[in-house]
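Please walk me through this structure in my viewer, one selection at a time. At each stop, tell me what to select and what is there.

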Amino acid sequence: MSGKTFLISNRQSGAIIASSLIGVGVLTLPRDMTQTAGESAWIATIGGGLIAMFGMAIIVILSNRYPGKSIIEYAADALGPANHPMIGRLLSFPIFLALFLFWGSSTAIVARTFGEVVITTVLTKTPLEVIISTMLVTGFVLVMYNEEVLARVNEILLPIIVIPVLVIALSSLQSARLDNLLPVFNGNWGGLFKSILTTSGSYLGFEIMAVLYAKAEMSDKRMSGSMVGLAIPSFIYVLIVVSGIAVFGVEEIQLLAWPTLELVKTTAVPGLILERLESAFLGVWVAAVFTSVGNMYFTTAVIAKQALKLRSHRWIAVCLLPFFYWLSLRPQNVQELFQYQNWSGKFGIFIAFVVPVLLLIISLLRKQRGNSGENRKEAKPSYE
């Protein structure tokens, strides 16, 4: 790694963003969208994606203003006086605590949701605790490495996840009824805007780049790479929502626990190459959940390392593993799990959108700016 200027390339940054968004939420997405927007759910999904891109742009701007620093580090710079860094660290502690709790709880919720789906669809006789611990331990193995390995894993798995999901979503349209999408819009602008704001919570996951951009390539393509990373899951989300509504209708889809999985069951591959398509879909979905768990687990451990001024995040990851396992078992049933997801989503909207905007405003008012040319190298990353 000698002579290496960064650990994550712009392409890999986009892959991390896309892989973080595509996870367990895909299975409940059509139901969640139709509950707030009805037949206009696909419009709300597009609007939520645009809001997520705005939030992502703010994080990119902040990261460019403070090159080589994560949100924990530049929050302390923005909030505290330059000659008293300890004051900045104290003032930024609530931000660290909020991020730590959000990413930590999200890791546990994703692992629990994964376990619920697996034991109800595939491994019906396997204890829930075994499924959850297996996913958490697998994510733990990834967290033991550095940002470079994390980026490579996301880059490799992204096409394995995206291509089959796109094929399945497009194939499901063969049994669609377009009249289920009508009326396209009922004229309720207030309800639509509220739905768009609520829908933006489905795009949470991109905010982990506020930590990972500290190790990412500095170039003019950083913004475009992040937008592409968000555009990929946005297109998939819209396609899944449209397919779900067109196949089932708004009323029926809200009665399904895992509507996307039911959508896959209705899909027939031409030539009957695969008789049970949901089995293949779940195999791809496992990879999507793995990247989501691994990415959030990693950033949770890293911000704790930075806040505590430690040299490595590995021992923190070891301590977090039993905590995540305990937290994942707190919901008593699936309905309570969905409530936790809802609460976590509302909290995450504040973390991902409000906090970066406030930090950027404070930075602009104080006329703070790091050396934008620092670490800006055109050399491609070396993997030697």
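**Stop one: a loop residue**

Select lysine 309, which is found in the loop between α13 and α14 (314–328). Helices here are DSSP runs of H or I with at least four residues, strands are runs of E with at least two, and both are numbered from the N terminus. This is a predicted model, in which local features need pLDDT of at least 70 and side-chain atom pairs count only at pLDDT 80 or more, while totals for chains, interfaces and linings use all residues. Residues are numbered from 1 along each chain as its sequence is written, and side-chain values use heavy atoms, with hydrogens and water left out.

Lysine 309 has a phi near 60°, a positive value in a residue other than glycine. Most residues other than glycine have a negative phi, and most peptide bonds are trans. Is lysine 309 buried or exposed? Lysine 309 counts as exposed because its relative accessibility is 56%; the cut-offs are under 20% relative accessible area for buried, over 50% for exposed, and in between for partly exposed (1.4 Å probe, protein chains only).

**Stop two: a cis peptide bond**

Now select leucine 182 and proline 183. The peptide bond that joins them is cis, with omega at about -5°. Proline 183 has its place in the loop between α7 (147–171) and α8.

**Stop three: salt bridges**

A salt bridge here is a side-chain nitrogen of Lys or Arg within 4 Å of a carboxyl oxygen of Asp or Glu. By this rule there are 7 salt bridges. Side chains of opposite charge can pair when their charged atoms come close.

Start with arginine 11 and glutamate 155, whose side chains meet in a salt bridge of 2.5 Å, N to O. This pair links distant parts of the chain, 144 residues apart, with arginine 11 in helix α1 and glutamate 155 in helix α7. Arginine 11 is exposed at 58% relative accessibility, and glutamate 155 is partly exposed at 22%.

Next select arginine 177 and aspartate 179. Their closest N and O atoms are 2.9 Å apart in a salt bridge. Arginine 177 is partly exposed, at 49% relative accessibility, and aspartate 179 is partly exposed too, at 41%.

Then select arginine 31 and aspartate 32, which form a salt bridge of 3.6 Å, N to O. Arginine 31 is buried, with a relative accessible area of 7%, whereas aspartate 32 is partly exposed at 26%.

**Stop four: the largest pocket**

Keep aspartate 32 selected. The largest pocket holds about 900 Å³ of space. Among its 34 lining residues, the closest to its centre are Asp32, Gly201, Ser202, Gln341 and Gly345. On a 1 Å grid over the protein atoms alone, a pocket is an open set of points with protein on both sides within 12 Å along at least five of seven lines, a cavity is a set where a 1.4 Å probe fits but cannot get out, and lining residues have an atom within 4 Å of a point. Grid points are joined across faces, edges and corners, and a volume is the space filled by probe spheres set on the points.

Which helix gives the largest share of this lining? The answer is α2, with 8 residues. By class, the lining has 13 nonpolar, 17 polar and 4 charged residues. Ala, Val, Leu, Ile, Met, Phe, Trp, Tyr, Cys and Pro count as nonpolar, Asp, Glu, Lys and Arg as charged, and the others, Gly among them, as polar.

**Stop five: the largest cavity**

There are 3 cavities of 30 Å³ or more, and the largest has about 60 Å³ of space. To find the largest cavity, select residues of its lining, including Val165, Ile168, Thr260 and Phe281. Helices α7 and α12 (259–265) each supply at least two residues of this lining. The lining divides into 7 nonpolar, 3 polar and no charged residues.

**Stop six: two buried residues**

Select isoleucine 22, in the loop between α1 (10–21) and α2 (25–37). Isoleucine 22 is buried, with a relative accessible area of 3%. Residues that isoleucine 22 touches (heavy atoms within 4.5 Å) include Ile161, Pro233 and Ser292, not counting residues up to four places away in sequence.

Finish with serine 363 in helix α15 (residues 334–365). Serine 363 is buried, at a relative accessible area of 0%.
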